[in-house]
Number of protein chains: 2
Amino acid sequence: MTADYRTVIRLKHASNLDKIPADWRLKYIPSPEEQQEVEPYIEPLLSSKELWITNVSALELLKNIKSGQLSALEVCEAFCHRSALVHQLTDCLIEIFYDRALQRARELDAYFQETGKLVGPLHGIPISLKDQFNLKGITTSLGYVAPHISEELECIVSQKTPDEESLLARILYDAGAIFYVKTTVPMAMFGSETSSNLGVTRNPFDRRKCPGGSSGGEAALLAGKGSVIGMGTDIGGSIRGPSTQCGLFGLRPCSNRFPYLGTSNSYPNQPIVPSVAGPMCRYLEDMEYVSKVVLDAQPWFQDAKVPPIPWRSVNLDIINVGFMHWDKIVMPHPPILRALEHAEKSLQEHGIDCLDVEPPLNHAEMATFLTDIYTCDDFAEIKKFAALGGEPLPELLVKMFQLNGQVFDLNDVFNKVGQKYQYQQTYDKFWNDTAHHTKNGKPVDCIILPGWACTSWKIGEHYKIANIYTRFLNVLDYSVITLPVSHVRDSDEPFERTDFAGEADRLCWEYYDKEFYRGMPIVLQLVCRRYEEEKCIALAKKLLPIIRD
Amino acid sequence: MTADYRTVIRLKHASNLDKIPADWRLKYIPSPEEQQEVEPYIEPLLSSKELWITNVSALELLKNIKSGQLSALEVCEAFCHRSALVHQLTDCLIEIFYDRALQRARELDAYFQETGKLVGPLHGIPISLKDQFNLKGITTSLGYVAPHISEELECIVSQKTPDEESLLARILYDAGAIFYVKTTVPMAMFGSETSSNLGVTRNPFDRRKCPGGSSGGEAALLAGKGSVIGMGTDIGGSIRGPSTQCGLFGLRPCSNRFPYLGTSNSYPNQPIVPSVAGPMCRYLEDMEYVSKVVLDAQPWFQDAKVPPIPWRSVNLDIINVGFMHWDKIVMPHPPILRALEHAEKSLQEHGIDCLDVEPPLNHAEMATFLTDIYTCDDFAEIKKFAALGGEPLPELLVKMFQLNGQVFDLNDVFNKVGQKYQYQQTYDKFWNDTAHHTKNGKPVDCIILPGWACTSWKIGEHYKIANIYTRFLNVLDYSVITLPVSHVRDSDEPFERTDFAGEADRLCWEYYDKEFYRGMPIVLQLVCRRYEEEKCIALAKKLLPIIRD
């Protein structure tokens, strides 16, 4: 160690600022209290063309690139510009490489001009990557300081070879995507906020609030429209939390449906509940499109963990929808309850059979099951990598996880593997048994439930809001998509409750403040069974127009 | 413990003999030396109809049952009778329940007579089960004595509930199958022979030889034609070894392609290289048929570990076939080399592009990798379950596995998970890269290699023949089928070698004895990639008529 970790961080911030062209730099960074929302502050700084480009879907951009109306360079510049602005207000980027992106855009344009053809189905589409995806020549730091000190330390912390590339990134690149930024994560991707010693990422809808975690940099960038499609990862809610707190479509696929090969991770060989990679988008049509591009590349021939399940078409003529309004552990805030009630009522009015369901298992126990796995080595790996950078464990990590000084032995591993299977079998049976309660005698096709118990919270106050609506789904390994359906309104009045399920329920309920939350996006989870990513998206497309409020 | 384990075993043998009707009992059991082959000894004891029934395929039986030419009862009786005879000469059965089977057959016949319909696609087909598959009311003992003492001990050793049923068995049953016997395994299913304190299973082609293991009871029964379709399991070759030593078609599916739910196992929660269940048959057409029946039941809705991959059709218009004549560690015996050469030459004469390939990894290292996993708890579980029955560890187990007194810790588990993935990635890349060496620029569709380095061996002499051709495929998790292609002939002369790859190579090579092996079946492995069971079978159907010698 030659430098204090704070010096390393200062240099990293300066280096990132250097990569933003001078006329994209904000002269003044208002405080979060002074300027809560990002969009109104940055829109005046963008041209009308840049505004249009950063507002439409990737499919719309593709159409315009294909027709020659837009160049890849224009698209790339617009997203570089806007991402720089969003970053300066939310601290959502950890790696910036606009030069490389613009060079790639020029090459794509040249190819198109020369051949009249697109290089692939994502020709010229900028895609942002969570800072776990590896690109040659770009640092991967996983929220640690050490990788910013040397490439040697980077390879230790990221557990990669110097030239490693994520297969997922390579598939997107080969399809024509342009990479331009990597986005922030909490240290080791462990956190429902995106804060580390390297910085604190903010929610672009309200900069006082957190964007969720661990794909919070990705979510902040997307919600600020500095990106149109991003790639995140999820081991306990890391795609769905941020998508919920930032009003996005986020897909948590079943394990290894999307390739994870060459993507850095904490505890990459933990075999019980794996982290999964998946897309985060502002447009549902983009999510379907990009998912199909990935699966059409037949990643199972490249990544031994990916099962050979192509992107399939889904028949949704007759469907049954389950609703889990709450988990009997932490009641969601009034706007979320309202959105769920509206959704169910609307579906019923459209003649869709809806079934109210209650958890067949204790989701709090399942959440603890998962955190036990996170902490299986008593954070030995995390402590080691933090020490390599001379940095302390961030407050977020320390506050979120109870360490008990115990390290799993072989029997602990075996027991957890067996326990997970039991949870899955119990839940699957419950799901099959819904067939006894539907009109057509078929089980529910999906279950709709809250994305989180609240729409967001003040940065640092995660501990007041139990993270319980996402984790059990990682244990079950179901396919899940988040659906932005509404916003918090003046009419979303709090109401009195005395029948709290427990302290976590009370704490969360009392946290609700209509004024504080006004305008925040409301996001639900739509859950299908394992390897049903296509069905998640197809159902979302069918149901969203009906359930939006 | 109230009785000596030898008493328990004696009582179990007596009880099994009791379940064989008096006129099916052999008056005299010749020694293996006296009567090597089973078939000529038992055929005179069977009626011509019984002989016909036990000789044809399950599909042929089904056709006759459907047309009313045969009753389920006739079929069941024939297999009960023949299985009793085979058992008395090979000790291949651990559970016998003919009464129950005949009762079921009568019910199926009644249903057919009443409705004119079959209950399902396996109506009246007897299916034998390796003694890991659970049926209500039938003991599962996994080669241990303890389960034969009490149901309480059975539940401890089999790690099951008293009423547990294997999903695979239930699917077959619901399709109309009749269960009548469960077949022997070595203790804990650990062994390339099928010997335990409970008994020694013999090879029906030559009773001096072993039938392989651990699905050796299944293989002996099938090869003796006491069964037409059986279900085995494989974690290191336990389906393919016995199928090789007994001249059968054995399918080692990719992990969890066939459901394992409710099936007892050693170390059921070992998460690195899982055991898999799969069919063993005398007819390739039966294997295809029964596999489709299982997958058509959509087991993924019942077993959380099964990926939703239906039984798919396969296009084999243009194919490339890889040949791995030997692994550079243990050269297979001359008849096997001859069969491989014949196969390759015949395919080439039929215009099929063949490519000779060499292992990209050291298969001996991969075999050790696997045995390290088998012994990860220093056999604590096995020692405990053996102690429950008051029995010593069998010689087979002690001789096969080197225990080093070490128990895996968390890092060992992580390292093994990572190492397996690396092996898989290396082999997949090697497979992809075969495309650079084929005429049509596509990778090989399959690789054909020996099923074992020899066709069988004298019971107890497994340690002279390295088990190396099957284990690496469990690590890679490829789909594999065994193909009986020929028999050892007088012309399969030994030849001199001085260039041994090592001691294991020399030991095995010197074991070859033309006289000893004459007439033994020669079986090859046909390997496809993960989840390509359909392709295995389709290729086998296409290639077998060409490569048979």
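This is a predicted model: local features need pLDDT of at least 70, side-chain atom pairs count only at pLDDT 80 or more; totals for chains, interfaces and linings use all residues.
Student: Let's start between the chains. How many residues of chain B are in contact with chain A, and how much area is buried there?

Tutor: On the chain A side, 32 residues take part, and they meet 32 residues of chain B. Carbon and sulfur atoms give 64% of the area buried between chain B and chain A, and that area is about 2,800 Å².

Student: Which residues in chain B lose the most area to chain A?

Tutor: Three stand out, together giving 22% of what the chain B side buries. That side divides into 17 nonpolar, 7 polar and 8 charged residues. The three that lose the most area are Leu410(B), Phe414(B) and Tyr421(B).

Student: What about polar pairing: how many salt bridges and how many residue pairs in polar contact are there between chain B and chain A?

Tutor: For salt bridges between chain B and chain A, the count is 0. For polar contacts across that interface, with both residues at pLDDT 80 or more, the number of residue pairs is 14.

Student: Now inside chain A. Where do the domains run, and how far apart are their centres?

Tutor: Domain 1 of chain A is assigned in pieces, 5-27 + 39-264 + 274-301, while domain 2 is 320-547. Taken over C-alpha atoms, their centres are separated by 25 Å.

Student: How much area do domain 1 and domain 2 of chain A bury between them?

Tutor: In terms of contacts, 54 residues of domain 1 of chain A meet 58 residues of domain 2. Within domain 1, Phe190(A), Lys209(A) and Arg240(A) lose the most area to domain 2, together 14% of what that side buries. Carbon and sulfur atoms give 63% of the buried area between the two domains, which is about 4,700 Å².

Student: Which element gives the most residues to the domain 1 side?

Tutor: There are 29 residue pairs in polar contact between domain 1 and domain 2 of chain A, both partners at pLDDT 80 or more. Elements of chain A that each supply at least two residues to the domain 1 side include α7 (151-158), α10 (240-245) and α11 (284-296). With 5 residues, the one giving the most is α10(A).

Student: What does the salt bridge of Glu39(A) and Arg82(A) tie together?

Tutor: The closest N and O atoms of Glu39(A) and Arg82(A) are 3.9 Å apart. Glu39(A) lies in one helix and Arg82(A) in another, so the pair ties together parts 43 residues apart in sequence: helix α2 (residues 39-42) and helix α5 (residues 72-90) of chain A.

Student: Which chain A residues does the UniProt "active site" annotation cover, and what is their largest C-alpha distance?

Tutor: The annotation, from an unreviewed UniProt entry, covers Lys130(A), Ser214(A) and Ser238(A). They spread over 109 residues of sequence yet cluster in space, with a largest C-alpha distance of 10.7 Å.

Student: What kind of peptide bond joins Gly213(A) and Ser214(A)?

Tutor: Ser214(A) is in the loop between β5 (199-200) and α9 (216-223) of chain A. Omega for the Gly213(A) and Ser214(A) bond is about 10 degrees, and the bond is cis.

Definitions and conventions
Residues are numbered from 1 along each chain as its sequence is written. Chains are lettered from A and ligands numbered from 1 in the order in which they are written. Side-chain values use heavy atoms; hydrogens and water are left out. Contact means heavy atoms within 4.5 Å. Buried area is the accessible area (1.4 Å probe) that two parts lose on being put together, summed over both. A salt bridge is a side-chain nitrogen of Lys or Arg within 4 Å of a carboxyl oxygen of Asp or Glu. A polar contact is a pair of N or O atoms within 3.5 Å; within protein, one must be able to donate a hydrogen and the other to accept it, and residues adjacent in sequence count only if both atoms are side-chain atoms. Ala, Val, Leu, Ile, Met, Phe, Trp, Tyr, Cys and Pro count as nonpolar, Asp, Glu, Lys and Arg as charged, and the others, Gly among them, as polar. Domain bounds come from an automatic or database domain assignment. Helices (H or I, at least four residues) and strands (E, at least two) are DSSP runs, numbered from the N terminus. UniProt positions are given in the numbering used here, feature names are shortened, and annotations may be inferred rather than shown by experiment.
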